[in-house]
Structures are given as C-alpha cells and as structure tokens.
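Please look at the sequence and the model below before reading on. The paragraphs that follow lead you through the strands and then to one residue in a loop.

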Amino acid sequence: VSSSELIPGDLVFFSGTYSTAGASHVGIYIGDGNIVHASTAKDGVKISSLNTSYYTTNYFAARRIV
C-alpha cells in the first residue's frame with residue numbers, strides 16, 4: 001500500500017528505531033494522517049501524526065490485512 005492510499009486499519013512500518021535493518025516499529029493507521037502505536041514505556045500507547053519528521057524519514061512500508 002502506498003502512503004498516499006492508506007485507509008484506517010492499514011499497518012504502517014518504520015525503520016530506524018533500532019540499529020537492525022528493516023522494519024522495527026509498527027503503527028495502525030487511523031485516518032487523517034495519524035497512527036496509533038505503542039510509543040515508549042513512559043508514554044505508552046499514543047496517537048502520532050505521520051507528517052512529523054521522524055515518521056516521514058523512517059517510513060518503511062504499509063500493508064493492508066483484509
């Protein structure tokens with residue numbers, strides 16, 4: 001799924017969270033350019049915008065599970 005075709009429920013994967021190659025973080029797209037994801041132990045589950053520099057830089061892929 002391209003980032004321009006995301007619909008609520010799509011899984012969005014990011015790299016760069018750890019030093020390993022490939023996806024290392026995942027969120028669920030909830031619409032309006034936002035994902036819900038488990039952030040940190042301190043912050044817990046939160047909603048974040050995909051338009052922030054961290055997520056635009058580390059965007060890896062998206063998948064639709066039907």
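Strands here are DSSP runs of E with at least two residues, numbered from the N terminus, and two strands are said to pair if DSSP finds at least two bridges between them. This is a predicted model, in which local features need pLDDT of at least 70, side-chain atom pairs count only at pLDDT 80 or more, and totals for chains, interfaces and linings use all residues. Residues are numbered from 1 along each chain as its sequence is written, and side-chain values use heavy atoms, with hydrogens and water left out.

Five strands form an open sheet in the order S4-S3-S2-S1-S5, and their pairing is antiparallel. Strand S4 (45-49) and strand S5 (59-63) stand at the edges with a single partner strand each, so one side of each has no neighbour in the sheet. From one strand to the next, the twist averages 35°, where axes are lines fitted to C-alpha atoms and angles run from 0 to 180 degrees between N-to-C directions.

Within this sheet, strand S1 (residues 11-14) and strand S2 (residues 25-31) run antiparallel and are joined by four bridges, with Val12 standing opposite Gly27 in S2. S2 also pairs with S3 in the antiparallel sense, over three bridges, and there Ile28 stands opposite Val36 in S3.

Where does Asp32 lie? Asp32 is found in the loop between S2 and strand S3 (34-38), and the hairpin of these strands has two residues between them. Although Asp32 is not a glycine, it has a positive phi of about 55°. Asp32 counts as exposed because its relative accessibility is 78%, exposed meaning over 50% relative accessible area with a 1.4 Å probe and protein chains only, while buried means under 20% and partly exposed lies in between.
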